[in-house]
Amino acid sequence: MTATPARQAAPAARTRPLYAAGFTTAFGAHGIAANLGGLSEDAVTSLLVLGGLLALYDGAEVFLKPVFGSLADRIGAKPVLIGGLTAFAAASTLYAVADGPGLLWAARLGQGAAASAFSPSASALVARLNPAAERGRAFGGYGFHKSIGYALGPLLGGLLVRAGGLRLLFTVLAALGAAVAAWAALAVPAVPPLPKRRQTVLDLARRLADPVFLGPTAALAAATAALSVGVGFLPVSGAAAGLGTIATGAAVSVLAATAAVVQPHAGRALDEERLTTRTGLASGLALTSAGLACAVLPGLTGVLLSATLIGAGTGLITPLGFAALATSTPEERMGQTMGAAELGRELGDAGGPLLVAAIATASTLAHGYAALALLIALGATIALLRRGETTTAPRAE
């Protein structure tokens, strides 16, 4: 009887700082990204440069998230979480105190490197602080708070940039990172690393090549690619339709708001066995592809339809994908798995904007949207045709 209140208290007292860490990386990444897409004087001046800046943050995460995920398993996730948040605050301060084109690139690189530490650590702690039967809800809550960051980022970011330029936005991010680091230090319990059986490179490769890992990770990568493209390029489509910065930011925020609403319901449905992983992931991929296809429609209608469908698709995919990975992973390898899964997500996050930007530069932005939509539709088709069910049942290592 005493275990129930303690377990119920965990989300309120212990995991909310982790949710705040998710909010921080989402608000920072997409608040800046959406306003870079406005092609303002202190941001970027071409679609190719925009694609590079959008990819820089995530490119750093591609290389570093697996490293920090393994480090979290070795020394404990809490110190890696706090160190990453502190570094995020420091990188944001760099551009806040002395702006300039070079410092903008350096600050974004620093933010991406810092997020490489605290993002997989937060995911690993969410998994370890919640029992397997409740991880759908836990990751639904984590995704909900990240989606709130995605939703508020473009809108509040636009207001901050309008009031004081990008430097004001970076100042707010520096304060936010420092505050969440302090909160996590006080409220998140120290989760000690667990003893691990020796693992060879072949063992790791075999585990990462398992469809139980590859299926959810590929879906997460596709969802993240669409999300990054939506936040970065839908403002460009909105501007072409005559919408202002705040209006485009609000329209793109519909994407994240929809994802925020869907994620807790998707996680709860998974825990209650009303939704299976394969069906949920395939449906999410189909919705995401349809959203990208709608982005080619002209005017506000295309922007809103695209944002809503991409949001619904990513809202389905994110909690289901992470819950499947967490429950199929030995707890002593949780950081490593989350880091590797985040690597797949960041490849999508970096590759999506670069693909769309490259095709848009050679042709039109509509063709860029269509190309990514086709790739994700192919993934949905493969998920539906794949034999067997991607399960969230625990598996032995």
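Let's start where two helices meet: K78, L81, I82, L85, T86, F88, A89, S92, T93, Y95, A96 and V97 in α3 are in contact with L166, R167, F170, T171, L173, A174, G177, A178, V180, A181, A184 and A185 in α5. Contact here means heavy atoms within 4.5 Å, and helices are DSSP runs (H or I, at least four residues) numbered from the N terminus.

Before going on, a word about what you're looking at. This is a predicted model, where local features need pLDDT of at least 70, side-chain atom pairs count only at pLDDT 80 or more, and totals for chains, interfaces and linings use all residues. Residues are numbered from 1 along each chain as its sequence is written, and side-chain values use heavy atoms, with hydrogens and water left out.

Back to that pair. The axes of α3 and α5 come within 8 Å and cross at roughly 160° (axes are lines fitted to C-alpha atoms, for helices over the stretch in contact, with angles from 0 to 180 degrees between N-to-C directions). The two helices are therefore roughly antiparallel, a label for angles over 145 degrees. Their crossing is left-handed, meaning that the near helix is turned anticlockwise from the far one by less than a right angle; clockwise would be right-handed.

Now follow α5 itself, residues 135-187. A straight helix of 53 residues would span 78 Å at 1.5 Å a residue (1.5 Å times one less than the number of residues), yet α5 spans only 20 Å between its end C-alpha atoms. Look for a kink of about 125° centred on G164; the bend at a residue is the angle between axes fitted to the seven residues ending there and the seven starting there.

α5 also meets helix α10 (residues 299-327), with axes that come within 9 Å and cross at roughly 130°. That makes the pair oblique, and the crossing is right-handed. On the α5 side the contact uses R135, G136, F139 and G140, and on the α10 side P319, F322, A323, A326 and T327.

The C-alpha atoms of D271 and A323 are 9.3 Å apart, though 52 residues separate them along the chain.

α10 has another partner in helix α9 (residues 277-294): their axes come within 7 Å and cross at roughly 155°. That makes α9 roughly antiparallel to α10, in a left-handed crossing.

How far to trust all this? The chain averages a pLDDT (the predictor's confidence in each residue, from 0 to 100) of 80, and 83% of the residues score at least 70. Confidence is highest in α3 (residues 77-97), at a mean of 92, and lowest in helix α6 (residues 201-209), at 60. Over residues 1-10 the pLDDT is below 50, and it stays under 50 over residues 387-397. Where pLDDT is low, the predicted coordinates should not be read in detail.

Conventions
Angles under 35 degrees count as roughly parallel, over 145 as roughly antiparallel, 65 to 115 as roughly perpendicular and the rest as oblique.
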